[in-house]
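Open the model in your viewer and follow the stops below. Each stop says what to select and what to look for.

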Amino acid sequence: MKSNIKSRLFTFTGTTVAIVSFAFLAIEPAQARKPFTQDELAAQYKDLMATVKEGDDLWHSAKLGKNGLACANCHPDAAASNPHTFPKWQANLGQVIPLRDMINWCIQVPLEGQALDANSKEMKALEAYSFYMHRGFKLKPGENTRQHPPVEVRSGAGYP
Amino acid sequence: MTDFSKMNRREFLGITGKAGLATLVASAAGVSFGMVQVAEAAGNSRLTPFRFAILTDAHLYDIPDHKFDGILKKAVDDVNNMNPLPDFVVYLGDIGQSGKRAELEKGKRILSKLKVPLKVIPGEHDWYLDMGQAWRDMFGSPTWSFDHKGVHFIGMNSILVRDFWTMKGLTPDERMGFMEELECHHCGLWGVREEQLEWLKKDVKKLKPDTPVVVFTHSPLWDYYPRWNFQTEDAPQIREILSGFERVMAFHGHVHQVVYNRIGNLSSIGTLSTSWPWPYPGIELPFPDIKMNRVDPGDILDGLGTQYIDLEKEFSGALHYDAWADLLPEGVKKGVKL
Ligand SMILES: [Fe+2]
Ligand SMILES: [Fe+2]
């Protein structure tokens, strides 16, 4: 008896799922491309993580500046880099800026180095590291009254 | 002129202890002064009020005229201009950034301009290039104690990690490079380790429970944020050894920020650096009101400063942060009761 009830329930659920998915298929736009395959997604993720890693290395490197300091001197685990609060009015620059301008300010002033080209590989990597260390955070553009710790890191670099 | 006849036993030990003969003289004094002095020490004032100052975390680089040199010089000037002058200064570690002898020598040169005596303990940045060789050559043992005006002061090296470099085949430079990162995820937790725990047990064994005890370590003696080694692995054992005292005050460097906690009989407080401030980690502070304001990155001195402690008769007192910018909320400006 028991097994009978179970199998009936199963059939019922199966039918419902089939109807629901059919309804979704019907309204999907015809020009949408096929979903990324698992292999494609894996390759994209690998690229992203390589960029984050490159940013992590730069973040901890004295080579961006001329006085031995690195971003990580003041921002361990990208703490208080607050990427999710940009663009915002930045007091030390007196204007609204995106994160990359703040990164360049840090390179030029505290680190006494040369500003990076805003579209350089290095800048993209630094931004990627800062943002990835704040994944899941709510966007708060304009917020300039608080410092934020990054995602909780228990071990390792803080990303896969 | 100090009137030795009016001093109690512990004060006498404090003065002679400075000559580097603390242990020898201690037993000699015990014999010659005997019961009379002990009775005096049991009176209601446990110490003669005085001030001491703390400097820490200069992170000097082996680069001529580096900006941090000037900041440490400013801190030294500040201390020399304190009124009243502190009786001594304790430096809580991270004189250098990369453990180079030249960094430590530069720091020692700048700190030698202090008008008052100096005691020093190491930080991780001073140590892991040559495993403390240069530091010990310049500053002696990282483990010490002395008595001053009725207070027992203890300094220990809390930045000892287990060997993570031999297996990885790291060079001394690479080892130091790892340790230089606050969030080093290869280095493991710091501690004072067995030898210093044994030393501590012996050091405090003969002290009476009402002796005012002050401890200095580079890292906090509680689990604040282990990820950044805002902790000392064997702090529970240290607190246990000191649990017999009525009150213990602990001061630490390393966190480059205002932070306070109290566990049992021990109050622990963090100190301002002369290099850069560190943001608060993402945990709830045990005393959320005792914290510093957000720092203006455009002001090179914001988040930095010196500090002094005025100890009162009954071993109470406050730590005063001497911040160089508008860093402190009103409650903290008046000093933090210890
Ligand atoms: Fe430090
Ligand atoms: Fe440190």
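Before the first selection, one definition: rings of Phe, Tyr and Trp (its six-membered ring) pair if their centres lie within 6.5 Å. Keep in mind that this is a predicted model.

**Stop 1: the aromatic cluster**

Select F50(B), F52(B), F88(B), W144(B), F146(B), F153(B), F216(B) and F251(B). Together they form one aromatic cluster. Over all chains, the count comes to 29 aromatic pairs. Y224(B) is buried, with a relative accessible area of 2%. F230(B) is buried too, at 0%.

**Stop 2: charges over rings**

K119(B) lies over the face of W144(B), at 4.8 Å from the ring centre. Now select R175(B) and W165(B). Here R175(B) sits over the face of W165(B), and the distance to the ring centre is 5.0 Å.

**Stop 3: the iron ion (ligand 1)**

Which residues coordinate the iron ion (ligand 1)? Select D57(B) (OD), H59(B) (NE2), D94(B) (OD) and H256(B) (NE2), at 2.0 to 2.3 Å. Along the sequence these donor residues are spaced D-x1-H-x34-D-x161-H. The 4 donor atoms subtend angles of 86 to 173 degrees, which makes the arrangement irregular. A tetrahedral site would need all angles between 85 and 135 degrees.

D57(B) is in the loop between strand 1 (50-55) and helix 2 (67-80) of chain B. H256(B) is in the loop between strand 7 and strand 8 of chain B. This pair links parts of the chain that are 199 residues apart. Both D57(B) and H256(B) are buried.

**Stop 4: the iron ion (ligand 2)**

Move to the iron ion (ligand 2). Its protein donors are D94(B) (OD), E124(B) (OE), E124(B) (OE), H218(B) (NE2) and H254(B) (ND1). They lie 2.2 to 2.7 Å from the ion. Their spacing along the chain is D-x29-E-x93-H-x35-H.

Which residue bridges the iron ion (ligand 2) and the iron ion (ligand 1)? Click D94(B): this residue bridges the two ions, which lie 3.4 Å apart. D94(B) belongs to the loop between strand 2 (89-91) and helix 3 (101-111) of chain B, while H254(B) is in the loop between strand 7 (248-252) and strand 8 (260-263), so the pair ties together parts 160 residues apart in sequence. Is D94(B) buried or exposed? At 0% relative accessibility, D94(B) counts as buried. H254(B) is buried as well, with a relative accessible area of 0%.

**Stop 5: the sheet**

Switch to a cartoon view. Look for an open sheet of 6 strands in chain B, in the order 4-5-6-7-9-8 and with mixed pairing. Its edges are strand 4 (144-148) and strand 8, each of which pairs on one side only. Neighbouring strands are turned by 20 degrees against each other on average, direction ignored.

Zoom in on strand 6 (residues 213-217) of chain B. How many bridges join strand 6 to strand 7? There are 5, and the two strands run parallel.

Terms used. Residues numbered from 1 in each chain as written. Chains lettered and ligands numbered in written order. Predicted model: local features only at pLDDT ≥ 70, side-chain atom pairs only at ≥ 80, totals over all residues. Heavy atoms only, no water. Donors = N, O, S within 2.8 Å, 3.2 Å for Na, K, Ca; no water. Helix = DSSP H or I, 4+ residues; strand = E, 2+ residues; numbered from the N terminus. Buried < 20%, exposed > 50% of the residue type's maximum accessible area, 1.4 Å probe, protein only. Tetrahedral: all angles 85-135°; square planar, octahedral: opposite > 155°, others 65-115°. Phe/Tyr/Trp six-rings, centres within 6.5 Å; stacked < 30°, edge-to-face > 60°. Lys NZ or Arg CZ within 6 Å of the ring centre and 35° of its normal. Pairing = 2+ DSSP bridges. Axes fitted to C-alpha atoms, helices over the stretch in contact; angles between N-to-C directions.
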